[in-house]
Amino acid sequence: PDRASVAYFGAGPSALPTSVLETAAASLINHGNSGLSLVEQSHRSALSSKILQDARENFLKIVNASAETHTVLFMAGGGTLQFSAVVYNLFTAWALKHPDLAAKGQRGACEYLVTGGWSSKAADEAKRLVGEENVNVVLDARNYHHAGEAKKFGNIPDAGEWKGNLKAGRDSAFVYFCDNETVDGVEFTKGSPLDILGEDPDRIVVADMSSNILSRTFDASKFGIVFAGAQKNIGSAGVTIVLIRNDILTLLTSGGSLPPKLTPQIPVTPVMMHYPTISKAGSLYNTLPIFDVYIASLTMAKLLQRDPSGKTALQQQEDESNTKAATLYNVLDRYENVYHVVPAKSIRSRMNICFRIKAPGDEAKFLKGGEEIGLLGLKGHRSVGGIRISNYNAVSVESVNKLAGYLEEYAKGI
Ligand code: PLP
């Protein structure tokens, strides 16, 4: 089939705007009339610098953050590398901030809200790097499944259930959450859990926004670090965007230009994960996949082209994302005899809509019927099964409407 006749709902890598791919494709042969492909250009050439600069500026502009308060880093290694990088860097930052305590052999704790498969993986990595005793699982949402299913994700309890488990900011290296859990289809409601985590100014908040970044506004000033692999709402796989508050970078830089060995308890950061090293090099400490940065930059430039009057580009995108998600959930709820949405209503993801078809064995039939009319990428993650609709920015309203029509037809046909 040709591209125009299919709608792709894959969870990542995911759909990208056709116009972005067309521009990138031309660039793959001859970038900027240089006679060279972009993948042949030096990452230190003027053309590459311009791409990096545009990408940085586009990102800051979209999320309404300023270069005075925040730095944008482009790193390889995916979201998964950041699971490790935040631990190394922020334990180091804790020790630099509390040299008296570090000298006594302490190292603070890192704290995790575990609400789905990805935050669970991040917490496991922290346990490997600094030992289980230094990882405080503030919340394990598997204990709160709304349908009583033990040890499964699908709910996020009220803060009253877990708030008391947080340490005081001074004892905390950072607190981490995943804003949208791609596999389990749960997303924190907007502004939450920051309202709770931000109460203590000493606490550094880290968020994995890999699968919902650029789909709604957020207050960058409240986060120490936000990271997102590009391959969902920003671009292609290969780069991860890290937004880090400048005061944290400054503190880390005070430890030296290369990762320091502070005390036996504080692990030394591998240089490729050391935020000050990457920042000082303008994200070019080593060879960065500039082509992927270019795709990200083009996608962001496209987002910024939205109607400049009235609401910001990101607010407009947020409205669209909400409307598309509501269209799909409405059909699923209307035919609840046929479909079962897995997560609890209050924390359903707008990005990854996870549901089951109630009739045993009918999911393959549903998927096949969808494929026949060009609705692709709907199979749930291999770890949980079921159906998953990924409703990222590049999924058009038309595609969503077509899928909603199919959901309805399918349900009526049963
Ligand atoms: N975090 C979230 C929320 C994700 O959805 C993913 C991947 O799908 C990851 C982290 C891991 O990202 P990567 O595969 O880029 O390492």
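**Before you click**

You have a predicted model open, in which local features need pLDDT of at least 70, side-chain atom pairs count only at pLDDT 80 or more, and totals for chains, interfaces and linings use all residues. Residues are numbered from 1 along each chain as its sequence is written.

**Stop 1: the whole protein**

Show everything as a cartoon. The protein has twelve helices and 14 strands; these are DSSP runs numbered from the N terminus, helices being H or I of at least four residues and strands E of at least two. The C-alpha atoms fill a box of roughly 70 × 60 × 40 Å along the principal axes. The radius of gyration is 22 Å, which agrees with the value near 22 Å for a compact globule of 414 residues. That radius is taken over C-alpha atoms, and the globule rule is 2.2 Å times the number of residues to the power 0.38.

Buried residues make up 47% of the 414. Buried means 20 or more other C-beta atoms within 10 Å of a residue's own, exposed means 12 or fewer, and partly exposed is in between, with C-beta atoms placed from the backbone.

**Stop 2: the two domains**

Colour 3-16 + 312-412 as domain 1 and 46-298 as domain 2; these bounds come from an automatic or database domain assignment. The contact between them takes 29 residues from domain 1 and 28 residues from domain 2, where contact means C-beta atoms, placed from the backbone, within 7 Å. On the side of domain 1 that touches domain 2, helix 10 (313-334) gives the most, with six residues. Strand 12 also supplies at least two residues of that side.

**Stop 3: around the ligand**

Next, select G12, G78, G79, T80, W118, C178, T182, D208, S210, S211 and G229, which surround the ligand. By class, the shell has two nonpolar, eight polar and one charged residues. Here Ala, Val, Leu, Ile, Met, Phe, Trp, Tyr, Cys and Pro count as nonpolar, Asp, Glu, Lys and Arg as charged, and the others, Gly among them, as polar.

**Stop 4: two cis peptide bonds**

Stay on G12: a cis peptide bond joins G12 and P13, with omega about 0°. P13 lies in the loop between strand 1 (7-8) and helix 1 (18-29). Then go to S192 and P193, also joined by a cis peptide bond with omega about 0°. P193 is in the loop between strand 7 (186-187) and helix 6 (194-197).

**Stop 5: S349**

Find S349 in the loop between strand 11 (339-341) and strand 12 (352-357). S349 counts as buried, with 26 C-beta neighbours inside 10 Å. Leaving out residues up to four places away in sequence, S349 touches N180, G185, V186 and E187.

**Stop 6: two positive phi values**

Finish with N33, in the loop between helix 1 and helix 2 (46-63). N33 has a positive phi of about 60° although it is not a glycine, and it is exposed, with 6 other C-beta atoms within 10 Å. K151, in the loop between strand 4 (135-140) and strand 5 (172-178), has a positive phi near 65°. K151 is exposed, with 8 other C-beta atoms within 10 Å.

Technical notes: Near = placed C-beta within 6 Å. Contact = placed C-beta atoms within 7 Å.
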